[in-house]
Amino acid sequence: MKSSPTRRRLILAFGTLAAAALLGGCGFKLRGPQPLAFPSIYLGVSMQSDLGAALHRRIVANGNTTVTDDPAKADVRLEILRDQAEREILTLTGGGKVREYQLQRLLSFRLVGRNGNEWIPLTTISARREYNFDDAQVLAKEQEEALLFRDMLIDLVDQLMRRLAAAKP
């Protein structure tokens, strides 16, 4: 017995509605901006750097916290103690040429309140990526490396924002 196209559409529509009801019923929702527990923050990193610009954008987009230029006026200070990018050889060919690199970016920071108490003690977060290297495509691989470092920066800013959102005095 063959099913008609109308019956197939009805079954498909019912399945779609059932899936939507299950997702809505389980409490699923997209992660939005997470409010920070402090009204103002001083970023201990230059706004001209990639990290400073990305952090500033994310905090301002959050909506409830302002970024101030004066650490004395801020409720908390974010102290960036280390921001380090590394490239390490992962594998070599039989001829001794580089086949793979591992990229790593480390970020060490702490969050200090106006009165000197630590909201977040010294913490180090990291991101790693690997990529294949080819001598015949040096320019393309340099661009790929730059994209991977940019991707790691976004990942680190996401991790940092989650920690800032969870910070309590």
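Of the 36 residues in the largest nonpolar core, which touch the most other members? The views below show a predicted model, in which local features need pLDDT of at least 70, side-chain atom pairs count only at pLDDT 80 or more, and totals for chains, interfaces and linings use all residues. Residues are numbered from 1 along each chain as its sequence is written, and side-chain values use heavy atoms, with hydrogens and water left out.

**View 1. The largest nonpolar core.** Ile41, Leu55, Leu78, Leu111 and Leu164 touch the most other members of this core. A nonpolar core is a set of buried Ala, Val, Leu, Ile, Met, Phe, Trp, Tyr and Cys residues joined through side-chain atoms within 4.5 Å. Buried means under 20% relative accessible area, exposed means over 50%, and partly exposed lies in between (1.4 Å probe, protein chains only). At least two core residues come from each of strand E1 (40-43), helix H2 (50-62), E3, E4, E5 and H3. H3 gives the most, with ten residues. Helices (H or I, at least four residues) and strands (E, at least two) are DSSP runs, numbered from the N terminus.

**View 2. Tyr101 and its aromatic partners.** The structure holds three aromatic pairs. Rings of Phe, Tyr and Trp (its six-membered ring) pair if their centres lie within 6.5 Å; planes under 30 degrees apart count as stacked, over 60 as edge-to-face and the rest as tilted. The pair links distant parts of the chain, 32 residues apart. Tyr101 lies in strand E4 (residues 98-113), and Phe133 in the loop between strand E5 (118-132) and helix H3 (138-166). Tyr101, Tyr131 and Phe133 form one aromatic cluster. Tyr101 counts as buried because its relative accessible area is 10%.

**View 3. A charge over a ring.** The charged end of Arg87 sits over the ring of Tyr101, 4.3 Å from its centre. The rule asks for NZ of Lys or CZ of Arg within 6 Å of the ring centre and within 35 degrees of the ring normal.

**View 4. Leu90 in strand E3.** Leu90 has its place in strand E3. Why does Leu90 count as partly exposed? Leu90 counts as partly exposed because its relative accessibility is 33%. Leu90 and Ala19 are 71 residues apart in sequence. In space they are 44 Å apart, C-alpha to C-alpha.
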